[in-house]
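Please find below a colleague's note, arranged as numbered points.

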Amino acid sequence: MSAPNKSYDPVEVTSLHPDEVARMRAEALAAIEAASSLDELKQTRLAHAGDRSPLALANREIGALPPHAKAEAGKRVGGARRDVSEALKRRQAELEDERDQRVLVEEAVDVTLPWDRVQRGARHPVTTTAERMTDVFVSMGFEIVEGPEVEAEWFNFDALNFPPAHPAREMQDTFFVESEESGLVLRTHTSPMQVRALLTRELPVYVVCAGKTFRTDELDATHSPVFHQMEGLVVDEGITMADLRGAIDAFVVGMFGEGLRTRFRPYFFPFTEPSGEVDMECFVCRGASAEPGGEPCRTCRSEGWIELGGCGMVNPRVLIACGVDPERYSGWAFGLGVERTLMFRHGVEDMHDMVEGDVRFTRAFGMEI
Ligand code: DAH
């Protein structure tokens, strides 16, 4: 390092000239005053007090001055830098203060506002109804199973003995996933869980499954493209239709109380043989509305009976598809609509109420456990 240059005069070094130092100081102070936000002030600090600011660069020049000139130039530049630093501190405090005031106003919470305007929700009645329905079977020792809503066509149709050209596979009923060739559908019923249960569980099987099902129906008073079913399945040795009848009767007692008759009507489902539809006596009029001269009944439309769903003895072809020996085992199955059950159990007349999510509807049943 070379020795200080004795002839080096601060007045000759432009950046150390008193006028120049005064100008840099004034410029810095003006910029600080003009900074209108903390972000802007940060930029101003970098520009006027940072390592590469004019005053910092001027300060570096001092080292090269002759000793007699150092003190005076040091005082001048040091004073200017101190002023700038103090101005920064002051402006920083002012701007922080302003921000705090603004936050207090902007983020103020009016604690006098009514707190109960947003209604508290409740569990959806479709959920509570499905739980109540499955509970009846859980209390008889059944287990609950769950399965995918996006289902392989094979589970949804083939294994359940739907012939390849069965009309239920066609587009008007089934939501196909991606392309029709993907082999995937949104399950159109909970019956594929019969197959899944038989393939994954040890025999005997006593299961129920409640869940979402999908069909390409328009939403109207009695239809929804998304609805819920509860499936029941028993496969054991020596199971007969009498067991099915007993299970259905127990379900009706669990859901609607004692003393209601049930009846089977012959029907067709590919996965049960024989198949039936099952009705229960109307729990409101107990059949009286269908008698001559009886009062009309809204719940059963004066028919005296309410349709519960489909059922039957598991078709041996389904057992074979699941690797179960139909010579040794037999079983029954049923499928019931959850929305339908909710509709007639609680007098809900319009499907829209169940899908629109109005909390007033949910709360009306929210107390039910
Ligand atoms: N899966 C049928 C449907 O959605 C309902 C059904 C009928 C289920 C008979 C069954 C059954 O388990 O045995 O229409």
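1. In which helix does T362 lie? T362 belongs to helix α12, residues 359–366; helices here are DSSP runs of H or I with at least four residues, strands are DSSP runs of E with at least two, and both are numbered from the N terminus. T362 is buried at 7% relative accessibility, where buried means under 20% relative accessible area, exposed over 50%, and partly exposed in between (1.4 Å probe, protein chains only). Leaving out residues up to four places away in sequence, T362 touches A122, R123, H124 and P125; a contact means heavy atoms within 4.5 Å.

2. On provenance, this is a predicted model, in which local features need pLDDT of at least 70 and side-chain atom pairs count only at pLDDT 80 or more, while totals for chains, interfaces and linings use all residues. Residues are numbered from 1 along each chain as its sequence is written, and side-chain values use heavy atoms, with hydrogens and water left out.

3. The protein has twelve helices and nine strands. Its radius of gyration is 41 Å, well over the 21 Å that the globule rule gives for 369 residues, so the protein is more spread out than a compact globule. The radius is taken over C-alpha atoms, and the rule is 2.2 Å times the number of residues to the power 0.38. Along the principal axes, the C-alpha atoms fill a box of roughly 125 × 50 × 35 Å.

4. Of the contacts with a separation of 6 or more, 67% are between residues 24 or more positions apart.

5. The surface and the charges may be taken together. The accessible surface comes to about 20,700 Å², and 52% of it belongs to carbon and sulfur atoms; these areas come from the Shrake-Rupley method with a 1.4 Å probe, and for residues only the protein chains shown count as cover. There are 40 positive and 62 negative side chains, with the centres of the two sets 10 Å apart. Lys and Arg count as positive and Asp and Glu as negative, whereas His and the chain ends are not counted. Each charge is placed at NZ of Lys, CZ of Arg, CG of Asp or CD of Glu.

6. Helix α5 has a length that can be checked. At 1.5 Å a residue, its 14 residues (125–138) should span 20 Å, and the end C-alpha atoms are 19 Å apart, which agrees. The expected span is 1.5 Å times one less than the number of residues. Among the buried residues of α5 are P125, V126, T129, M133 and F137. P125 is also one of the residues that T362 touches.

7. What follows α5 in the chain should be examined with care. S139 is in the loop between α5 and β1 (143–144). At 64% relative accessibility, S139 counts as exposed. The C-alpha atoms of S139 and D83 are separated by 84 Å, although the two residues are 56 residues apart along the chain.

8. Strand β7 (residues 272–281) holds D279, which is buried with a relative accessible area of 2%. D279 touches R261, T262, R263, R265, W305, I306, E307 and L308, again not counting residues up to four places away in sequence. For D279 and E307, the C-alpha distance is 4.2 Å and the sequence separation is 28 residues.

9. E273 is also found in β7, but it is partly exposed, with a relative accessible area of 46%. Apart from neighbours within four places in sequence, E273 is in contact with M313 and N315. E273 and R317 are 9.6 Å apart, C-alpha to C-alpha, and 44 residues apart in sequence.

10. The bond from E273 to P274 is cis, with omega near -5 degrees, and P274 is in strand β7. The bond from L203 to P204 is likewise cis, with omega near 0 degrees; P204 is in the loop between α7 (192–200) and β4 (205–214).

11. N161, which is not a glycine, has a positive phi of about 70 degrees and lies in the loop between α6 (153–156) and β3 (184–186). S302, also not a glycine, has a positive phi of about 60 degrees. S302 is in the loop between β7 and β8 (305–314) and is partly exposed, with a relative accessible area of 27%.
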